[in-house]
Amino acid sequence: MNHETVHKGRISVLPLALLATPTSLSANSTTTVIPGLARALDVSVTDATWAATAFGWGGVLGAPLTAALLRTRGIRAATLANAALVLLGTLLVTLAPALPMLLAGRATQAAGGGGLVTIAITLAGTTSRTGVITSGVGLVGALGPLAGSILSAISWRTPLLLSLPALLAVPAVLRHVPAHHSDRDTATSTDIVGILLVMALISAFVLTPRLGLAALAAAAIAGLLLTLHVRRNTAGFVPRAVVGAQAFVTASAAACALSTSYFALLYTVPRMLEHHWPAERIGLMTLIMLATGSVASLLFTRWTPRYGPALTRTILLTTGAVAVALALTAPWPVAIVAANAFAAFAATAAMAWYAARAGKAVPPGYRATAVALFTLCYQLGGAFGPALATLLIA
């Protein structure tokens with residue numbers, strides 16, 4: 001695929017932002033409906049929290065599934081498939097009479113939504129356009145708990161339907177990629193084994209907080225088998241041309257680390273402030289800090305070409321380190337909550353900047369695959385962060 005050709009259709013960045021942001025809104029609204037969900041479905045609050053786990057699991061699974069579709073069928077087919085998943089998942093959530101069907105719906109919603117995020121970033125093309133998307137994801141995600149609280153007055157199900165607005169952007173994407181357009185990556189045949197191994201590895205990581213050592217053992221086995229598979233099948237679902245590129249590995253590792261830090265602090269900082277501020281003030285200050293970090297990320301990514309790679313990389317990594325340092329050592333509540341602003345800035349700006357570098361680090365025929373796998377690494381932070389937070393606040 002000529003990756004640059006796809007982006008010369010000049011699709012507006014606003015539909016791409018709309019394609020990506022509802023998933024984060026829906027994810028962050030989940031926590032507000034857990035008590036009502038538990039009462040309505042007659043389950044324990046502990047069981048009801050599986051709704052959040054299912055969404056996180058489905059979200060990270062969406063990236064590898066979309067990567068496979070992008071490689072073998074192209075952007076148009078991947079967009080339609082993910083839109084169908086969002087619609088199906090929303091229907092299941094709306095009609096679910098019991099928890100298992102609800103969990104299936106949330107996982108399906110998230111898989112489609114995660115795939116749409118990957119497609120939006122793949123189509124963005126430049127750091128500044130990707131920055132609009134990632135900062136939008138952070139900003140809209142920050143509004144999730146507030147939106148969930150307001151919409152819960154209608155029904156506990158209503159906040160769980162917030163993935164649906166992403167479908168409004170699908171027609172713009174389809175107009176941008178005509179049916180006859182050849183928008184696929186270099187591919188031989190569908191690597192089913194590779195896809196299954198990646199999904200097994202992701203599932204084990206996401207379920208580690210729930211299943212403990214059994215999940216870690218499964219992750220180790222899946223990781224080993226995937227490594228062996230990539231060595232044998234160099235042009236498979238995880239191409240050696242992609243994972244063998246040092247710049248791609250570095251970009252993916254940095255994005256995953258900053259994303260993990262961001263999501264870990266998102267869960268731990270409010271707990272650290274419980275003895276200093278009432279819950280309402282904690283929520284308000286967290287919202288302000290997340291919005292501040294997201295807006296700063298948007299402004300920063302517009303000017304990264306002027307800074308140069310070395311300075312940009314230093315700013316991102318330093319800001320991420322400052323976020324952790326503030327949370328661990330700051331003596332004042334305002335400084336502790338400011339960690340969320342630094343973490344949100346570092347994670348969302350890194351996603352935008354490193355995504356472009358990950359795509360350029362591989363041969364042209366593998367760029368869409370590289371961006372999709374890079375996005376998966378970033379989204380894994382959404383699974384690793386809460387798991388790390390669970391260990392820290394246990």
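Me: Which residues touch the most other members of the largest nonpolar core?
Reply: This is a predicted model. Its largest nonpolar core holds 97 residues, and Phe-248 and Phe-374 touch the most other members. Helix 19 (residues 333-360) supplies the largest share of this core, 18 residues.

Me: What is Phe-248 in contact with, leaving aside its neighbours within four places in sequence?
Reply: Phe-374 is one of its partners.

Me: Which residues does the second, separate core include?
Reply: Ala-38, Val-93, Ala-96 and Trp-156 are among its 13 residues.

Me: Now the rings. How is a pair of aromatic rings described?
Reply: By two values: the distance of the centres and the angle of the planes.

Me: How many aromatic pairs does a search of the whole structure find?
Reply: The search finds 4. One of them joins Phe-300 and Phe-345. Their centres are 5.2 Å apart, with 70° between the planes, so the pair counts as edge-to-face, the class for angles over 60 degrees.

Me: Which parts does that pair tie together?
Reply: Phe-300 sits in helix 16 (residues 279-301) and Phe-345 in helix 19, so the pair links parts 45 residues apart in sequence.

Me: Are Phe-300 and Phe-345 buried or exposed?
Reply: Both are buried. Together with Tyr-307, Phe-300 and Phe-345 form one aromatic cluster.

Me: What geometry does the pair of Trp-353 and Tyr-354 have?
Reply: Trp-353 and Tyr-354 are edge-to-face, at 4.9 Å centre to centre and 65° between the planes. Trp-353 and Tyr-354 are both buried.

Note on methods. Residues are numbered from 1 along each chain as its sequence is written. This is a predicted model: local features need pLDDT of at least 70, side-chain atom pairs count only at pLDDT 80 or more; totals for chains, interfaces and linings use all residues. Side-chain values use heavy atoms; hydrogens and water are left out. A nonpolar core is a set of buried Ala, Val, Leu, Ile, Met, Phe, Trp, Tyr and Cys residues joined through side-chain atoms within 4.5 Å. Buried means under 20% relative accessible area, exposed over 50%, partly exposed in between (1.4 Å probe, protein chains only). Helices (H or I, at least four residues) and strands (E, at least two) are DSSP runs, numbered from the N terminus. Contact means heavy atoms within 4.5 Å. Rings of Phe, Tyr and Trp (its six-membered ring) pair if their centres lie within 6.5 Å; planes under 30 degrees apart count as stacked, over 60 as edge-to-face and the rest as tilted.
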